[in-house]
Amino acid sequence: MIFVGNYHHQLDEKGRFRIPVKFKKDFAEDSPLITRGTNLCLCMYPHDVAEKLFFKKYEDKDFDSEDENHDVRKTTFCAQWADKDGQGRIGLTPDLIEYAELTKNIVSVGVYNRVEIWSEENWQAYLDGKIVWDEKEKKYVRKSNPEEDKPAEPQE
């Protein structure tokens, strides 16, 4: 399966959303895995894809090593196997909603083997080049406004 396209929809007041129709068949069988993305969004993987990626990444790790335990904890501590309610909605945990800065309007974006869930504002900022990779921090950050970085002009 390859996910493509983007779909605007909404998160309800209880933090639930519906998977867009174009993506629904690939998430019909098992609970998807939802975790933090690297760029102020969430990543939702079909169950089988999530397991394959996880095992590929961690199968040769030495879990007696604190560094490797730290890495796996960073990947899994806020992830959730998401169950659908009776109406087919998926509820997100408060920490995932906060991390991705989700409000009412959200955008689901197909990205190869996953669906990214963005706030509408962050998606537009990303498209506008205002969310960029910070090599020093090794993560995506908001690009500061150069006008805001200038010292105020002295007033006479």
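1. Is Lys25 buried or exposed? Lys25 counts as exposed, at 64% relative accessibility. The cut-offs are under 20% relative accessible area for buried and over 50% for exposed, with partly exposed in between (1.4 Å probe, protein chains only). Lys25 forms a salt bridge with Asp26, with the closest N and O atoms 3.5 Å apart. Asp26 is partly exposed, with a relative accessible area of 22%. A salt bridge here is a side-chain nitrogen of Lys or Arg within 4 Å of a carboxyl oxygen of Asp or Glu.

2. A word on the basis. This is a predicted model, in which local features need pLDDT of at least 70 and side-chain atom pairs count only at pLDDT 80 or more, while totals for chains, interfaces and linings use all residues. Residues are numbered from 1 along each chain as its sequence is written, and side-chain values use heavy atoms, with hydrogens and water left out.

3. Salt bridges. The structure holds 8 of them. Salt bridges that share partners join Asp12, Arg16, Asp85 and Arg89 into one network. Within it, Arg16 bridges to Asp12, with the closest N and O atoms 2.7 Å apart. The side chains of Asp12 and Arg89 also meet in a salt bridge, at 3.9 Å from N to O. That pair links distant parts of the chain. Asp12 lies in the loop between strand 1 and strand 2 (16-18), and Arg89 lies in strand 6 (residues 89-91), 77 residues apart. Arg16 is buried at 18% relative accessible area, and Arg89 is buried at 16%. Asp12 counts as partly exposed, at 21%.

4. An open sheet of 6 strands has the order 1-7-8-4-3-5, with antiparallel pairing. Strand 1 and strand 5 (80-81) stand at the edges, each with a single partner strand, so one side of each is left without a neighbour in the sheet. Strands (E, at least two residues) and helices (H or I, at least four residues) are DSSP runs, numbered from the N terminus. Two strands pair if DSSP finds at least two bridges between them.

5. Strands 3 and 4. They pair in the antiparallel sense over 4 bridges. Leu33 stands opposite Tyr45, and Arg36 has Leu42 as its bridge partner.

6. Strand 4 (residues 42-45) is covered on both faces. Leu42 and Met44 are buried on one side, Cys43 and Tyr45 on the other. In a regular strand the side chains alternate between the two faces of the sheet. Strand 4 also pairs with strand 8 (residues 114-119), antiparallel, over 3 bridges. There, Met44 stands opposite Val115.

7. Thr35 sits in strand 3 (residues 33-36). Thr35 is buried, at 10% relative accessible area. Leaving aside neighbours within four places in sequence, Thr35 is in contact (heavy atoms within 4.5 Å) with Leu42, Cys43, Tyr45, Thr75, Cys78, Ala79 and Leu96.

8. Trp81 belongs to strand 5. Trp81 is partly exposed, with a relative accessible area of 41%. Beyond its neighbours within four places in sequence, Trp81 is in contact with Ser31, Pro32, Leu33, His47, Ala50 and Glu51. The C-alpha atoms of Trp81 and Arg142 are separated by 29 Å, with the two residues 61 apart along the chain.

9. Asn122 is found in helix 5 (residues 120-127). Asn122 is buried, at 2% relative accessible area. Aside from neighbours within four places in sequence, its contacts are Leu40, Ala100, Glu101, Ile131 and Arg142. The side chains of Asn122 and Glu101 are joined by a polar contact of 3.0 Å. A polar contact is a pair of N or O atoms within 3.5 Å; within protein, one must be able to donate a hydrogen and the other to accept it, and residues adjacent in sequence count only if both atoms are side-chain atoms.

10. Strands 9 and 10. Strand 9 (residues 131-134) and strand 10 (residues 139-142) run antiparallel, joined by 4 bridges. Asp134 stands opposite Lys139. Their hairpin has 4 residues between the strands, and Lys138 takes a positive phi near 60°.
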